[in-house]
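Me: I'd like to learn how to read a structure like this one, feature by feature. Could you walk me through it?

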Amino acid sequence: MNQTAHLPNKGQKAFDNNQDMASWLFVLSAMVLVMVSIGGITRLTGSGLSMVEWRPFMGFIPPFSETEWLRVFNLYKASPEYQEVNSGISLAGFKSIFWWEFIHRFWGRLIGAAFLLPFLWFLFKRQINPSLVPRLILLFILGGAQGFLGWYMVKSGLINEPEVSQYRLAAHLLLALALYIALFWTALQLRFPQSEERQNQNTKGVVNLARLTFFMVAITILSGAFVAGTDAGFAYNTFPLMNGQLIPSDYLPPPWFTSAFEDIVTVQFNHRTLAILSLFIALITWWRSRWIVLVERARKVVNGMLIIIFLQVVLGITTLILAVPTPLAAIHQVGAVLLLTMTTWFIFELKKLK
């Protein structure tokens, strides 16, 4: 029997409103996931520095006329990337990299509109719980900050060197992930109220392991941003050895506090190590979860988490060995976000068991 059938009309209406808002936030989460994927492809195709001006409001409109294309092309010709990397590129070649960066920025603006317009509608219809309004406003502000941070990142590659700062790249990705997880968690809270399916169990150990898994996956993704930012994936394309050694002799050269983020050998070795550690911790988490009672949905989530992390490790190794082909690298980045999604969802399910 439908559990909502006995709810009073007012309660039923609130429940329906929450389901509508949950669907909206799940769609926004998916859009952010697509945004991360587009950003990865933009980076992999060397397109990120093709747009050298930032037009927050007119950026919805791409060049249409030949005059406008020549204008943006001439702006690009004055950039360090053109002068040092793509000198002599044709207008057609420029268009091929320009479109990826344009799509990346356009999709970001589309996410902003997809958030703001429904939010105002729900607010106008008084369908949002007042306690939720501050959180949604904060999420919108975070989305705007992500746009500013993206431009701040691009600017680092338009001044002297035709490379964006790996620190700004990592910060840009970290903020995107924070926004994604916040949207997804809020959607879960609305879709699956905490009052449902609650059981009294001692789940502290599994909860702590799930949180540790989440932390390790997040740190591994962050280390991947430094791999991308330093192009470390194009070196040492063997596994498990690096230059014939399990632990490379030139690992962590002085000064160690900067080589962890700037030295190619150190950056890649750290990413490998964190990925394997994450796999083992996820495996322990899954095994411990087998000894507590879980509802079917939670069991599927933790099983999915384990499957995805195994696939993610295999995909990462394959991407490395094949010297970072764009399709595989893009899928690897999406897989990382999906893994973070499943760990987040499992933590949510465990909280319902307390």
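Me: Which helix is Thr186 found in?

Reply: Before that, some ground rules. This is a predicted model, where local features need pLDDT of at least 70, side-chain atom pairs count only at pLDDT 80 or more, and totals for chains, interfaces and linings use all residues. Residues are numbered from 1 along each chain as its sequence is written, and side-chain values use heavy atoms, with hydrogens and water left out. Helices are DSSP runs (H or I, at least four residues), numbered from the N terminus. Thr186 sits in helix H6, which covers residues 166–191.

Me: Is Thr186 buried or exposed?

Reply: Go by relative accessible area: buried means under 20%, exposed over 50%, and partly exposed in between (1.4 Å probe, protein chains only). Thr186 comes out at 1%, so it is buried.

Me: What does the side chain of Thr186 reach, and which residues is Thr186 in contact with?

Reply: For the polar side, look for a pair of N or O atoms within 3.5 Å; within protein, one must be able to donate a hydrogen and the other to accept it, and residues adjacent in sequence count only if both atoms are side-chain atoms. Here the side chain of Thr186 reaches the backbone oxygen of Ala182 at 2.8 Å. Plain contact asks for heavy atoms within 4.5 Å. Setting aside neighbours within four places in sequence, Thr186 touches Leu25, Leu132, Arg135 and Leu139.

Me: And Gln19: which polar contact joins its side chain to another side chain?

Reply: That partner is Arg191, at 3.0 Å. Gln19 belongs to helix H1 and counts as buried, at 15% relative accessibility. A polar atom of the Gln19 side chain also lies 3.1 Å from the backbone oxygen of Leu190.

Me: On to charges. How many salt bridges does the count come to?

Reply: The rule is a side-chain nitrogen of Lys or Arg within 4 Å of a carboxyl oxygen of Asp or Glu. The count comes to eight. One of them is between Glu163 and Arg43, with the closest N and O atoms 3.6 Å apart. Glu163 lies in the loop between helix H5 (133–155) and H6, while Arg43 is in helix H1 (residues 9–44), so the pair ties together parts that are 120 residues apart in sequence. Glu163 is partly exposed at 40%, and Arg43 is partly exposed at 23%.

Me: How far apart in the helix are Glu101 and Arg105?

Reply: They are four residues apart in helix H4 (residues 91–124), so about one helical turn separates them. Glu101 is buried at 4%, and Arg105 is buried at 12%.

Me: Which residues are linked in a network of salt bridges?

Reply: Glu53, Arg55, Glu68 and Arg71. Within that group, the side chains of Arg55 and Glu68 meet at 3.8 Å, N to O. This pair links distant parts of the chain, 13 residues apart: Arg55 is in the loop between H1 and helix H2 (66–77), and Glu68 is in helix H2. Arg55 is partly exposed at 33%, as is Glu68 at 22%.

Me: How many residues does the largest nonpolar core have?

Reply: A nonpolar core is a set of buried Ala, Val, Leu, Ile, Met, Phe, Trp, Tyr and Cys residues joined through side-chain atoms within 4.5 Å. The largest has 66 residues, and those with the most contacts inside it are Trp24, Leu136 and Leu350. H6 gives the largest share, 13 residues.

Me: Which residues form a nonpolar patch on the surface?

Reply: Patch members need over 30% relative accessible area and no salt bridge; nonpolar side chains (Val, Leu, Ile, Met, Phe, Trp, Tyr) are joined within 5 Å, like charges within 9 Å. Leu116, Leu120, Leu123 and Phe140 make up this one, with about 310 Å² of accessible area together (Shrake-Rupley method, 1.4 Å probe; only the protein chains shown count as cover). H4 supplies the largest share, three residues. Leu120, for instance, is partly exposed at 43%.

Terms used: Helices (H or I, at least four residues) and strands (E, at least two) are DSSP runs, numbered from the N terminus.
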